[in-house]
Amino acid sequence: MVLIPLPDNDRYCIDERQATYGEYRQFIKKMGKKFDGQPSECSWNRDYGPSEYYLSTTGVMSKREPSLAEADPDHAVNHLDFCDAWAFCSWAGKRLCGERGDDPRRIRMFDRDPNDHLGLRTYDWVMPGLNEWLYVCTQGGTSSYPYGEDWKDGLCLDHWKLRAEGRSALRVRDTAGNECRGTHPPYDRVFNMIGGVRQWTNICSSTDGRCQQWGAIDRDWATHCDSAFVMYNMRSATGGVRCCADAVPGYSDRR
């Protein structure tokens, strides 16, 4: 993890990259059929996935994805629901990234105007100083993208990079040579904040049970950090995971 200092001298930690299929396999093996310890909103979750299929626009399950056993262990794990991501971070001794100061044992719920699809008018989580994920993506609120102000095709995992490198571009574990990162410490040690697999965060709507995923890139146009999100039903197996954690008192961040 990477230690993130804040202007008020508070600190927290964030994973340098998304969790991989190999790491998620360890979680599945360790947990087995143990589903206790999840928040009450996840009492329905009795399968940690990941799902091998997704719902098409017609509502039909289609397009088989690699199973957990078949997937490349160095690819970012995908097709997790919110509760899978929550449980994985908890198992790892961490928590989902969310709003600063929230109780890590609870899901952060906000009341969203049902006519406001994204909740922009009813909650101030878009402020980088509050949202732990967004704070890192914007290099402490100083840039539009993880690497600066100007969009660069193929720098992060977008369709330009996939065309150039093929499926090898999906491997996230080896960060050597990865330029999808910040330009100065500590943000230069956090990779792939946008592009590739979207990451669940602990910010959800009590109105309809949708939770935020961050890191989305549109196929055809540049996506700023503060607009690189979607909201999905927490039961939708559509995302990956990057965890946060509270900083340990006395911890010194060393390379």
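Buried residues (under 20% relative accessible area with a 1.4 Å probe, protein chains only) make up 49% of the 255 residues in the protein chain. This is a predicted model, where local features need pLDDT of at least 70, side-chain atom pairs count only at pLDDT 80 or more, and totals for chains, interfaces and linings use all residues. Residues are numbered from 1 along each chain as its sequence is written, and side-chain values use heavy atoms, leaving out hydrogens and water.

**Overall build**
- You'll find four helices and ten strands in the protein chain; these are DSSP runs, H or I of at least four residues for helices and E of at least two for strands, numbered from the N terminus.
- Starting at the N terminus, the order goes β-β-α-β-β-α-β-β-α-α-β-β-β-β.
- Take contacts (heavy atoms within 4.5 Å) between residues at least 6 apart in sequence: 67% of them join residues at least 24 apart.
- The chain exposes about 12,600 Å², with carbon and sulfur atoms supplying 48% of it; the area comes from the Shrake-Rupley method with a 1.4 Å probe.

**Thr201**
- Thr201 sits in strand β7, which covers residues 199-205.
- Its relative accessible area is 1%, so Thr201 counts as buried.
- Leaving aside residues up to four places away in sequence, Thr201 touches Phe82, Leu96, Cys97, Trp133, Cys211, Gln212 and Trp214.

Methods. Buried means under 20% relative accessible area, exposed over 50%, partly exposed in between (1.4 Å probe, protein chains only).
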